[in-house]
Amino acid sequence: MQKEENKIQAVIQINDLKKSFGTNEVLRNFNLQLNEGENIVVLGKSGSGKSVLIKCIIGLIKPDSGSIKVFGEEVTDLSHDNLDKMRVKVGFLFQSNALYDSMTVRENLEFPLRRHWVQKGKENVNDLIIEALKNVGLAETIDMMPSELSGGMRKRIALARTLILKPKIILYDEPTSGLDPITGKEISRLMLDIQKKYNTSSIIISHDMNCVKITANRIILLIDGTCYASGTYDELKKSSDSKIKQFFD
Amino acid sequence: MKSTILKDFLSETGDLTRFTMSFFREAFRPRYEFSEFLKQCYVIGNKTLPLVGITGFIMGLVITIQSHPSLKAFGAESWLPSVVSVSLVREIIPVITALICAGKIGSSIGAELGSMKVTEQIDAMEVSGTNPFKYLVVTRVFAATLILPILVVLSDAISLYGAYLGINLKQVVSFDLFTNQIFEKLTFSDVLPSIIKSYFFGFCIGIIGCFKGFYTINGTQGVGRSANSAVVTATFVVFIIDLMAAQIADIFQIT
């Protein structure tokens, strides 16, 4: 009974995930379960495979072996079309924001909706764009180019673009990197607000302990390609293990 | 050392071949990115036309001025329009236009796609349900393939006008007489091979620019390297195609 309940709640289930680049084994038998409405932060040193992990989940990188189930569907077995359908439900915020330089903010937000033009209608699309921009507090930037925006604003626009398809899961790749501590905290709070408003589940890759403290329901420590420890912020902070302590000192 | 260079060359050629095969696989499968294709046609044509036009005009003028004394020495001054027009239309203008496009279009595509690659914009496109290969590569390669012959034809016309002005610097020749003399010698078999090879020039410039950009590594430094490499490779390939076109024309006696 308990097992069945877990199965229903899990939106992402990763089992024995392995990924190597040449001789460098980045992920070794990695396991993770993301439950509905939960925010998991994955902590780890640079190059420990955190970004690789979420890129495997979204299907940008193919794992060597193991299983990744998103809403019960095995990602590695999905056809290109089904992968696209799955990606509507899973948003991805890139570390570099990945806003299209040659497009205005409006066009950037329109882009993920291109495939849904017919179903949604042009007026509806405009409403969706304005709603997404209002969610991040930047409705006035709609006709601006990304180059005219500050780092924090670009991050918010990238978040708005991620939200426009109303995903059920959001994968954040270092959402506060390159931002000052105040803007970093604003972005972290915004992520939390979005999670509450849309009831999303998230996997957040971060080094920023302020962001971790604000957003994490559960933290996973990725060391040597495996899940070294797992727990809440307070639980891990109290740990006497030196490998865990180095992240909290 | 030598074996490493050979290995790198063969590896690069293999990757480019695979990339070209992917182009043909993706190009004819829906969904078609028609609006992006039209945008790229406009961007490529609009960016290159002024440069190609000016170069064509100068080439027409210079070739005429330089050919004049030699033909005069042989008493064949009246042949000047036909000799110049055949060399311009058959060889000089298609190759010069292709070289300008290799520099202008090849570097621009290589740098644009390269910077999109290193800033994860290509990944973002894929994540948002758009096939980046179709959207970025197929549209640009088709646009380059279609636009280059058009640029060549326009540049041919401008260069012939340059030649007309060049002739009139030394003697008075009416425009009617000049055009009559051109079309007396300039035949369909002169124009057709030059247009056909221009399609190949355009295709190669587009595919090489996209290939170099799409596989950019090492951040911003890599973007510069991709743009540079796209120009060098495309220039080299233009000459190879030109050589092959000359051989094929010779075999089929289109001379």
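Q: Why does Arg189(A) count as partly exposed?
A: Its relative accessibility is 46%. Buried means under 20% relative accessible area, exposed over 50%, and partly exposed in between (1.4 Å probe, protein chains only). Arg189(A) therefore counts as partly exposed. This is a predicted model, in which local features need pLDDT of at least 70, side-chain atom pairs count only at pLDDT 80 or more, and totals for chains, interfaces and linings use all residues. Residues are numbered from 1 along each chain as its sequence is written, chains are lettered from A and ligands numbered from 1 in the order in which they are written, and side-chain values use heavy atoms, with hydrogens and water left out.

Q: Where is Arg189(A) placed in chain A?
A: Arg189(A) is in helix H8, residues 181–198. Helices (H or I, at least four residues) and strands (E, at least two) are DSSP runs, numbered from the N terminus.

Q: What makes Lys185(A), Arg189(A), Lys213(A) and Lys237(A) a patch?
A: They form a positive surface patch. Lys and Arg count as positive and Asp and Glu as negative; His and the chain ends are not counted. Patch residues have over 30% relative accessible area and no salt bridge; like charges are joined within 9 Å, nonpolar side chains (Val, Leu, Ile, Met, Phe, Trp, Tyr) within 5 Å. A salt bridge is a side-chain nitrogen of Lys or Arg within 4 Å of a carboxyl oxygen of Asp or Glu.

Q: Which residues form the nonpolar surface patch of chain B?
A: Phe236(B), Ile240(B), Met244(B), Ile248(B), Ile251(B) and Phe252(B) form it. Together they have about 660 Å² of accessible area. Areas come from the Shrake-Rupley method with a 1.4 Å probe; for residues, only the protein chains shown count as cover.

Q: Why is Ile248(B) called partly exposed?
A: Its relative accessibility is 44%, so Ile248(B) counts as partly exposed. Ile248(B) sits in helix H8 of chain B, residues 219–251.

Q: What is Lys55(A) in contact with, leaving aside neighbours within four places in sequence?
A: Contact means heavy atoms within 4.5 Å. On that basis Lys55(A) touches Leu60(A), Ile61(A), Phe92(A), Glu120(B) and Asp123(B).

Q: Why does Leu113(A) count as buried?
A: Its relative accessibility is 0%, so Leu113(A) counts as buried. Leu113(A) is in the loop between helix H4 (105–110) and helix H5 (117–120) of chain A.

Q: What makes the phi of Lys166(A) worth noting?
A: Phi is positive, about 50°, although Lys166(A) is not a glycine. Most residues other than glycine have a negative phi, and most peptide bonds are trans. Lys166(A) is in the loop between helix H7 (151–163) and strand E7 (169–173) of chain A. At 38% relative accessibility, Lys166(A) counts as partly exposed.

Q: Which peptide bond is cis, and what is its omega?
A: The bond joining Pro30(B) and Arg31(B) is cis, with omega about 10°. Arg31(B) is in the loop between helix H1 (2–27) and helix H2 (34–73) of chain B.

Q: How many helices and strands does chain B have?
A: Chain B has eight helices and zero strands.

Definitions and conventions: Charge placed at Lys NZ, Arg CZ, Asp CG, Glu CD.
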